[in-house]
Amino acid sequence: MTTPTFPFLRLLAPLLGALALALAGAAHADIRPLTPAQCAEMGARKVITAGNPVPCARLSTVSFDYSDFDGMTRQGSVVVLDALAPEVESLFGELLLRSFPLAGAQPLEAFGGDDQKSMTANNSSAFNGRPMTGGGGWSKHAYGAAIDINPLHNPYVTHAGTAQQEVLPPAGAANLARTPAQPGMAEEVVGVFYDHGFLIWGGNWKEPIDYQHFEIGSRGFITRLASLPKAQARAEFARYVARYRQCAHPAGATAASADDDAPEDTSLRDQCAARLRK
């Protein structure tokens, strides 16, 4: 299966975030560690607790510009594990370059840590110190290692196609038909997320199906990154990303064509992601 994409741009994945900023002129992007005041605010709003698997000191705010659905440039931010922050900054820079629209991007404290409210607002987000939807252990969001985009356009679905089907947010039921892809749907940017180390997409899952959700890998891998000093963790994650890019974009594979409308080799992309994710 193939879908339209931008092969020449994929060759430049490490530079796309910076290029997006250059093209946007006054575009804004930065990375900052959370301050004690921010951590206290997150605690007061139940976004993080003392039992969270990653301490607030290991989280960073990534701020960026994005295109909204009217083509206007807005400012947003997400909170992620500090080891991932440079790739997340570059990822959102590439989304801006591609004019991929986001409805909004605010940290979960803007919604009192309520994931349902955030989804209803079609808010793109990352860190939230909560259990997995449906119960169980910690969500990957509680590690700052997962990103949700445009939940209304990319809903979470359980028991799809049965009488027990449930869609979150409920209004997302209007977007269960995934072809042809509409603006803001995750299918258009799976390759972008993969190129920045988010090698698991919930849209590939069988039960539940979580179209909005991207994460970097296993709980063991995430825990290892969180256990390492920040600089060492960033270096390990950078190697992880580089191995995927080398697999998915082998030297010369797309260099012969500068046609940005040429199809992406999604089979190779998915094979590399499955083989290299930890």
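Contact, on this tour, means heavy atoms within 4.5 Å. The model is predicted.

**Stop 1: the whole chain**

Start with everything shown as a cartoon. The protein has nine helices and 11 strands. Colour by burial next: of its 278 residues, 53% count as buried. Residues 24 or more positions apart account for 64% of them.

**Stop 2: helices α7 and α8**

Select residues 219–227 for α7 and 230–248 for α8. Two packed helices are described by the angle between their axes and the distance between the axes. Here the axes come within 8 Å and cross at roughly 145 degrees.

Now show side chains. Which residues meet across this pair? From α7, take Phe221, Arg224 and Leu225. From α8, take Ala233, Glu236, Phe237 and Tyr240. The set divides into five nonpolar residues, two charged and no polar.

Stay on α8 and pick Ala242, which lies in this helix. Is Ala242 buried or partly exposed? Its relative accessibility is 29%, so Ala242 counts as partly exposed.

**Stop 3: the three-stranded sheet**

Look for an open sheet with the strand order β2-β3-β4 and antiparallel pairing. β2 covers residues 29–33. β3 covers 59–67 and β4 covers 73–81.

Why is one side of β2 and of β4 left without a neighbour in the sheet? Both stand at the edges, each with a single partner strand, so one side of each has no neighbour there. From one strand to the next, the twist averages 20 degrees.

Check the pairings one by one. Five bridges link β2 and β3 in the antiparallel sense. Nine bridges join β3 to β4, again antiparallel.

Bring back α4, residues 85–97. This helix packs on the sheet and touches β2, β3 and β4. Its direction makes about 10 degrees with that of β3.

**Stop 4**

Zoom to the end of β3. β3 and β4 form a hairpin with five residues between them. Gly71, in the turn, has a positive phi of about 80 degrees.

Select Asp68 in the loop between β3 and β4.

Then draw two distances. A polar atom of the Asp68 side chain lies 2.8 Å from the backbone nitrogen of Asp70. The side chains of Asp68 and Arg74 make a polar contact of 2.9 Å. Beyond four places in sequence, the contacts of Asp68 are Arg74, Pro101 and Leu102.

**Stop 5: the nonpolar core**

In soluble globular proteins, nonpolar side chains tend to be buried together. The largest nonpolar core here holds 62 residues.

The largest share, seven residues, comes from α8.

Centre on Ile149. Leave aside its neighbours within four places in sequence. Its contacts include Phe100, Leu102, Ser124, Asn154 and Ala186. Val189, Phe193, Gln212 and Phe214 are also in contact with Ile149.

**Stop 6: Trp201**

Finish at Trp201 in strand β8, residues 200–201. With 8% relative accessibility, Trp201 counts as buried. Which backbone oxygen does its side chain reach at 2.8 Å? That of Tyr211.

Now select the residues around it, again beyond four places in sequence. Trp201 is in contact with Ala186, Glu187, Val190 and Tyr194, and also with Asp210, Tyr211, His213 and Phe214.

Definitions and conventions. Residues are numbered from 1 along each chain as its sequence is written. This is a predicted model: local features need pLDDT of at least 70, side-chain atom pairs count only at pLDDT 80 or more; totals for chains, interfaces and linings use all residues. Side-chain values use heavy atoms; hydrogens and water are left out. Axes are lines fitted to C-alpha atoms, for helices over the stretch in contact, and angles run from 0 to 180 degrees between N-to-C directions. Helices (H or I, at least four residues) and strands (E, at least two) are DSSP runs, numbered from the N terminus. Ala, Val, Leu, Ile, Met, Phe, Trp, Tyr, Cys and Pro count as nonpolar, Asp, Glu, Lys and Arg as charged, and the others, Gly among them, as polar. Two strands pair if DSSP finds at least two bridges between them. A nonpolar core is a set of buried Ala, Val, Leu, Ile, Met, Phe, Trp, Tyr and Cys residues joined through side-chain atoms within 4.5 Å. Buried means under 20% relative accessible area, exposed over 50%, partly exposed in between (1.4 Å probe, protein chains only). A polar contact is a pair of N or O atoms within 3.5 Å; within protein, one must be able to donate a hydrogen and the other to accept it, and residues adjacent in sequence count only if both atoms are side-chain atoms.
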